[in-house]
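User: I am new to this structure and would like to learn how to read its charged pairs and its core. Please start with one example of a pair.

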Amino acid sequence: MNKRQISALETKSKLIAAALEILKEKGFTAINVEEITQKAGVSKGTFYVYFKRKEDIVLEISHTPFEKITQEFEKMENKPLLEKLSCHFRKFMECVEYCGINTCRQWTRDVLDPKNVPADKDPKKWQYDVETLKSILEKAIKNNELKENTPVETLTHIFICELYGMMTCWCMSDGKFEPLDWCEKFCDIQLKKIFEPYLK
């Protein structure tokens with residue numbers, strides 16, 4: 001990577017960090033491009049080099065930390081499947097809590113009404129999470145950790161419903177419901193029971 005590419009990545013990261021900080025504090029409707037660029041220390045025109053509108057930067061925030069989780073998961077290849085999944089779910093929820101309830105509310109809005117998300121921004125948050133979990137389970141079958149008859153599609157959607165349910169409850173309770181705490185309980189109590197019929 002040359003100096004220009006490194007500089008571009010650093011600028012984009014500054015914009016994302018600034019937007020996340022404002023989003024956590026004020027919520028989506030209260031922020032604007034000018035405020036993001038001021039906080040990032042770049043010109044307003046620089047924003048439009050990387051993003052078309054403020055919604056696009058929120059979409060970027062919804063992918064970036066979760067892509068890192070997927071990369072970390074790849075490094076856990078020798079660990080048992082349930083340990084890997086528990087770690088994946090916990091890190092997922094840590095990202096959600098770190099990004100803040102206002103960011104989570106915007107993600108939830110995008111999932112509830114995907115028309116808000118431009119068509120060129122595929123995969124959308126929900127699709128990305130579904131595809132990530134599905135690929136984890138499919139890989140576990142290939143690696144002989146799960147039986148061939150494991151209902152990958154069904155299990156993927158059970159887990160997505162759990163994770164998104166926790167996010168939604170957090171938003172609806174105005175922060176009183178603690179998603180990471182509930183995620184811990186789900187992993188400790190339910191995960192093994194769900195997988196019992198399918199583990200090799």
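Analyst: Take aspartate 56 and arginine 53, whose side chains form a salt bridge with N and O 3.5 Å apart. The model is predicted, so local features need pLDDT of at least 70 and side-chain atom pairs count only at pLDDT 80 or more, while totals for chains, interfaces and linings use all residues. Residues are numbered from 1 along each chain as its sequence is written, and side-chain values use heavy atoms, with hydrogens and water left out.

User: What is a salt bridge?

Analyst: Side chains of opposite charge can pair when their charged atoms come close. The rule used here asks for a side-chain nitrogen of Lys or Arg within 4 Å of a carboxyl oxygen of Asp or Glu. It gives 12 salt bridges. Arg53 and Asp56 also belong to a salt-bridge network that includes Glu55.

User: Is aspartate 56 buried or exposed?

Analyst: Buried means under 20% relative accessible area, exposed means over 50%, and partly exposed lies in between (1.4 Å probe, protein chains only). Aspartate 56 has a relative accessible area of 3%, so the residue is buried. Arginine 53 is partly exposed because its relative accessibility is 30%.

User: Which parts of the chain do lysine 84 and glutamate 145 link?

Analyst: Helices are DSSP runs (H or I, at least four residues), as are strands (E, at least two), numbered from the N terminus. The side chains of lysine 84 and glutamate 145 form a salt bridge, 3.7 Å from N to O. Lysine 84 is in helix α5 (residues 81-99), and glutamate 145 is in the loop between α7 (125-142) and α8 (152-172), 61 residues apart. Both lysine 84 and glutamate 145 are buried.

User: Which residue forms a salt bridge with lysine 134?

Analyst: Glutamate 153 does, with the closest N and O atoms 3.0 Å apart. Because lysine 134 lies in helix α7 and glutamate 153 in helix α8, the pair ties together parts 19 residues apart in sequence. Lysine 134 is partly exposed, at 26% relative accessibility, and so is glutamate 153, at 42%.

User: How many residues are in the largest nonpolar core?

Analyst: In soluble globular proteins, nonpolar side chains tend to be buried together. A nonpolar core is a set of buried Ala, Val, Leu, Ile, Met, Phe, Trp, Tyr and Cys residues joined through side-chain atoms within 4.5 Å. The largest one has 57 residues, and Phe89 and Phe195 have the most contacts inside it. Helix α8 gives the largest share of this core, 10 residues.

User: What does phenylalanine 89 touch?

Analyst: Contact means heavy atoms within 4.5 Å. Leaving aside residues up to four places away in sequence, phenylalanine 89 touches Leu133, Phe159, Leu163, Cys183, Phe186, Cys187 and Leu191.
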